[in-house]
Amino acid sequence: IADLQKRIDDMGDKKRRSSSDFQAQLDKLAADLASKTREATNWETEAAKLKKELSGQEASFSEWKTRIEAINEYILKICQPQFSVVKDESLAPIAPTGDPAASGQEGYVLVPLPLML
């Protein structure tokens, strides 16, 4: 009987140790879960902040792109206008020969009205 009592006591001690170890592991896992939850929340906050910043940058980029397209269009209209060279008041065109001094032809340059405005 004493041997049985000793075995029962040993099993009780083993059960308490196992229960204590299990509780320690459970507490550790709960702490890890809380830590990971805080970390995930921080990542989500950071992601939301970066999405907002990206949206602002995309809007700024779009604005700059529109502005650059308008400037390019303006430059094309100013730097490459549709000038015409005419002979006289009859507005008969003079064909370009490449070198105006060699052709001996004189005329007038018609400037597009939007360019003058």
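Alanine 92 sits in the loop that runs between β1 (84–86) and α2, and, once its neighbours within four places in sequence are set aside, it is in contact with Val85, Val86 and Lys87.

Of the 117 residues, 3% count as buried, and the accessible surface comes to about 10900 Å², 60% of which belongs to carbon and sulfur atoms.

Next, colour the chain by confidence. The mean pLDDT is 82, with 80% of the residues at 70 or more; helix α1 (residues 2–79) has the highest confidence, at a mean of 90, whereas helix α2 (residues 100–103) has the lowest, at 53. Where pLDDT is low, the predicted coordinates should not be read in detail.

- Select arginine 16 and aspartate 13, whose closest N and O atoms are 2.5 Å apart in a salt bridge. Both residues lie in helix α1, three residues apart, about one turn of the helix. Arginine 16 is exposed, with a relative accessible area of 54%, while aspartate 13 is partly exposed, at 31%.
- Select lysine 28 and aspartate 32, which form a salt bridge with the closest N and O atoms 3.9 Å apart. About one helical turn separates them, because they are four residues apart in helix α1. Lysine 28 counts as exposed at 55% relative accessibility, and aspartate 32 as partly exposed at 36%.
- Select glutamate 63 and arginine 67, whose side chains meet in a salt bridge (3.5 Å, N to O). These residues are four apart in helix α1 and therefore separated by about one helical turn. Glutamate 63 is partly exposed at 48% relative accessibility, as is arginine 67 at 41%.

For the last stop, select Ile71, Tyr74, Ile75 and Ile78, which together make a nonpolar surface patch of about 380 Å². Isoleucine 71 belongs to helix α1 and, at 43% relative accessibility, counts as partly exposed.

Conventions:
Residues are numbered from 1 along each chain as its sequence is written. Side-chain values use heavy atoms; hydrogens and water are left out. Buried means under 20% relative accessible area, exposed over 50%, partly exposed in between (1.4 Å probe, protein chains only). Accessible areas come from the Shrake-Rupley method with a 1.4 Å probe; for residues, only the protein chains shown count as cover. pLDDT is the predictor's confidence in each residue, from 0 to 100. Helices (H or I, at least four residues) and strands (E, at least two) are DSSP runs, numbered from the N terminus. Patches are made of residues with over 30% relative accessible area and no salt bridge: like charges are joined within 9 Å, nonpolar side chains (Val, Leu, Ile, Met, Phe, Trp, Tyr) within 5 Å. A salt bridge is a side-chain nitrogen of Lys or Arg within 4 Å of a carboxyl oxygen of Asp or Glu. Contact means heavy atoms within 4.5 Å.
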